[in-house]
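Visitor: Please show me one part of this model up close, and take your time over it.

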Protein chains: 2
Amino acid sequence: MPKLRIVPLGGLGEIGKNMMVYEYGDDIIIVDAGIMFPENDMLGIDYIIPDFQYLKDKTHKVRGIIITHGHEDHIGAVRHVLEEINAPVYATPLTLGFIEGKLARDGNLDTAQLVTINAGDTFQVGPFKIEFAHVSHSIPDCVALGIETPEGLIVHTGDYKFDHTPVDGWPTDYAKLAEWSSRGVLAMLGDSTNADKKGWTPSERVIDDAFDKVFRDAPGRIIVASFASLVSRMQQAAEAARRYGRKMAFAGTSMRENAKIAIRLGYLDLDETLMIPIEEALKLKPNKVVLMATGTQGEPSSIVGRLSVGTNRAFDIKEGDTVVLSSHPIPGNEEMVSRTINRLFQRGANVIYDPIAPVHVSGHAAQEEMKLMLHLVKPKYLIPVHGELRHLRQHACLAEELGIPRANIAVVENGRVIEFEKGKMKLAERVPGGYVFVDGTRVGEVSSAVVREREQLSRDGVVFVNLVVSHKDRRLMEEPEIITRGFIHAEDSESAEMLSRARQHITDRVASANGDLRSGLETSLASYLHQQTRRRPMVFVVVNEV
Amino acid sequence: MPKLRIVPLGGLGEIGKNMMVYEYGDDIIIVDAGIMFPENDMLGIDYIIPDFQYLKDKTHKVRGIIITHGHEDHIGAVRHVLEEINAPVYATPLTLGFIEGKLARDGNLDTAQLVTINAGDTFQVGPFKIEFAHVSHSIPDCVALGIETPEGLIVHTGDYKFDHTPVDGWPTDYAKLAEWSSRGVLAMLGDSTNADKKGWTPSERVIDDAFDKVFRDAPGRIIVASFASLVSRMQQAAEAARRYGRKMAFAGTSMRENAKIAIRLGYLDLDETLMIPIEEALKLKPNKVVLMATGTQGEPSSIVGRLSVGTNRAFDIKEGDTVVLSSHPIPGNEEMVSRTINRLFQRGANVIYDPIAPVHVSGHAAQEEMKLMLHLVKPKYLIPVHGELRHLRQHACLAEELGIPRANIAVVENGRVIEFEKGKMKLAERVPGGYVFVDGTRVGEVSSAVVREREQLSRDGVVFVNLVVSHKDRRLMEEPEIITRGFIHAEDSESAEMLSRARQHITDRVASANGDLRSGLETSLASYLHQQTRRRPMVFVVVNEV
């Protein structure tokens, strides 16, 4: 009798968020395939995908890829997975719409098998009978999964909150969750993102009041910055625009494309009397316009990023503009975001952001909602996922308070296999569960060794020395050539003198050298430079004998 | 008749925080001389000091350096200022104790003139009559300044909060603030740090309850991590230790040194029955010990930083330890701090941090306190300082709500001169008000151009090519040598192939080259590598003719 194996794969800090594997005998399903953004010290990396080498020799066993919702950290790596694994992708209409858009841009839409499943529907994938239950989150058409396995029913919550008044009027499907519990839930894998936030996450509706005040008071243009996938925020901005007689336009492609998909599929209600092209919007009186833009994280290439430094092509910030940052900084981006806010102020805009006004709410359940989920689903075992280790621990504490025994809670890291056999959970082996860097065109080519080299280069720069010595007696035939970058400002006179002393040092060493000239010089020059500057640049010497 | 000139100098993001100049005719005083820590993209920089070149040709006019309190961002650059400016330093006993300690370590204590002034005292410096008023903050012996100038009374709040139950039992001197207002305050320069925080900042006393719960529940050792200068937190940990029969020890030099100074000067009440050396503490039963340590920001060289990665020499984290992070992340450090918390959990510790429990409070006034300060001091003009531009704007909004006309509020950036003449404020010229990098031994040698080079190196690395060509016909005499760092993983087979194609590309170009071989090759190789990898390493070619 095979076992049920559950494997969280590939997160960065967070566990069980970007990809999860469910395995039973010769059948595997993958749940979600997302990307992560590099941390501040992962220099030069574009993005990161889960390391799914665990599946390398099992690709033929993968029966399907199930996606819970359309956020980048859940769909961004679908194309990388499809390059290695030929399996159908199952998701709700909007999620699939976003995936389709991405695959169309990246060129492998033709070969992908995309299967639309509506929230509430049930479908079979190998030995797994999967049921989608609608949950509210910060993107529409998000689902939790009920996965009926030969070992029992597993509930995979995905990202969720219990918003009683969501903008799309579609609350979490409490009945389905309760129905699952009535069938008996073996284990729940639950979102832990906000496990250290007390109380309830506010409803998206609180933003209506904040928007209303902004639209009432703003003397000129309003620029609402948000995530490109935050469809409900577009709806809220549109409703406020309608109330205050403003026209709305999208600045920037990604948001416009997503809005188009959402309108086409019926998730966004924007009519033609309200929406105008950006070129027209820029010709209207400032107090008749609201522009939607991306760039809430201060990304230099985004609209808001460019507006903050004055490099946006279509338009600039002007005195009287009101910029609403309808977002929170993603952890690690706090510094960039506050710098962007300050720069927008500097350029004459008024900037509204949380905590100045409640213009954003989290999409994740806070503690009381997490308790409600546990009570609704009543799992025998809990596997906290979707969070950093500290959030998982906190989720475990909450569950213990609710009476789930500590022995029935598995706080694990990515790559730890969790097995269920005859209704019992146990931790099994560790498999590779890390991540792979994507930089430029290629995946995995930049290793952490390369990033460490970049780190070293970034700290104190680099020094190259080119030497020409005579083959006969190793005499220097030319003045040593020194190239430095990121080390000292060579035009500064003190630095120029130091370099000239370094040249002398090299000359002396060449004269007295024996053994390997190159590595001897590299060592001695490195220590000379350190003694002179207390810095440790990378030092390279090439010796050309003539 | 000269004017009064006020110049905020040298902040990084924040304005009027690290150094302020008051100038009247031929007399100048400096208020505070602090350092800043580099932002995440200021690669390889150790710390930053204010650029005070505005004072370069006025050093003989400087009558004194007044320090409001002993935090690094207010005292850290005193030694750099004293290297250029010979003037006495005025501060309260504890602040001066900390400055003395720092100067003793850095070697120029002998020449420094340090003048102790107690809170409540008045002293004359040139034409300025200065009065110290005690304020509560997150370090003892902190003062606001009343500066009687020929133009009128200026109140410089420094960092403050209105804590009614501070740990040292010494609340803000409300009477003095009110007395100043009764004399008529021309202008106030007020702390804006928490201008976007509603309500009141909680009293330090709330931490007692949180500590009590931690000490009651902790099964093993307790490690309280805090800032080395947070004397009141040491006191609170000591009181909890006494209540629960634990001994206390300091791990780490900076905190131990500061504690010594604070004990000697009477700001910290620790007796010998409680305090033991760290070596002894490590031999006691775990539940009989509390260790105080630094490293709340996850700094790799700090005790907590080393504990989190297992490289601390004296002791390691063990199962059952409780680590209390009695601090908040400094903006920009959020990522590092959460990584540290996760690693401590990984090593078996339980970690208590805000918001899990209220084990830290801010040292700065929130909105209601800022309003109270404005009502107590009743300034005619307000210059919001100590904060980012967004906080200054918010402070200005609060002041407007309280009836200060917008025209009487000056929100400026560093380097903007504010003049007072015949009781009227006006903005004057801009002077250099930036910052200077300190990296290694020397100040100002690393320019922003060098940091930009480091940034470029850190993004895609560096490629160095060494060529030997014949002088006669520019034929390649040897296979081109290519050195790369931070670009690709050269041992990876795909990368090795790419490099060998790049060598072929170089060989072809050399054969067909005319004009400047070196720069032609650098350009063509850079574009070849970009086309192959979508990355842009720095490329250097040296051509040696033989």
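Guide: Let's start with the polar contacts: between chain B and chain A, 32 residue pairs are in polar contact, with both residues at pLDDT 80 or more. (A polar contact is a pair of N or O atoms within 3.5 Å; within protein, one must be able to donate a hydrogen and the other to accept it, and residues adjacent in sequence count only if both atoms are side-chain atoms.) This is a predicted model, in which local features need pLDDT of at least 70 and side-chain atom pairs count only at pLDDT 80 or more, while totals for chains, interfaces and linings use all residues. Residues are numbered from 1 along each chain as its sequence is written, chains are lettered from A and ligands numbered from 1 in the order in which they are written, and side-chain values use heavy atoms, with hydrogens and water left out.

Eight salt bridges are found across the interface of chain B and chain A, a salt bridge being a side-chain nitrogen of Lys or Arg within 4 Å of a carboxyl oxygen of Asp or Glu. You can look for one between the side chains of A:Arg339 and B:Glu39 (2.6 Å, N to O). On the side of chain B that touches chain A, the elements giving two or more residues are helices 10 (334-346), 12 (389-401), 13 (448-460), 14 (493-512) and 15 (517-533), together with strands 25 (462-469), 26 (481-485) and 27 (538-545). Helices (H or I, at least four residues) and strands (E, at least two) are DSSP runs, numbered from the N terminus. By residue type, that side of chain B has 23 nonpolar, 19 polar and 24 charged residues. Here Ala, Val, Leu, Ile, Met, Phe, Trp, Tyr, Cys and Pro count as nonpolar, Asp, Glu, Lys and Arg as charged, and the others, Gly among them, as polar.

Now for the extent of this meeting place. Chain A brings 66 residues to the contact, and chain B brings 66 residues; contact means heavy atoms within 4.5 Å. The area buried between the chains is about 6200 Å², and carbon and sulfur atoms give 51% of it. (Buried area is the accessible area, with a 1.4 Å probe, that two parts lose on being put together, summed over both.) Of what chain B buries against chain A, 10% comes from B:Glu335, B:Arg390 and B:Glu445, more than any other three residues supply.

How do the copies relate to each other?

Within its own chain, B:Glu39 is in contact with B:Leu12, whose other contacts beyond four places in sequence include B:Met36, B:Ile48 and B:Tyr435. B:Leu12 sits in the loop between strand 1 (4-8) and strand 2 (14-15) of chain B, and B:Leu12 is buried at 12% relative accessible area. (Buried means under 20% relative accessible area, exposed over 50%, partly exposed in between, with a 1.4 Å probe and protein chains only.)

Stepping back, chain A has 15 helices and 27 strands. The C-alpha atoms of chain A fill a box of roughly 90 × 70 × 50 Å along the principal axes. Of the 546 residues in chain A, 61% are buried. One example is A:Lys176, in helix 4 (residues 174-183), with a relative accessible area of 14%. The side chain of A:Lys176 makes a polar contact with that of A:Glu131 (2.6 Å).

Finally, here are two backbone details in chain A. A:Asp32 has a positive phi of about 70° although it is not a glycine; A:Asp32 lies in the loop between strand 4 (27-31) and strand 5 (47-50) and is buried at 1%. A:His386 also has a positive phi, near 55°, in a residue other than glycine. You will find A:His386 in the loop between strand 19 (379-385) and strand 20 (387-388), buried at 2% relative accessibility.
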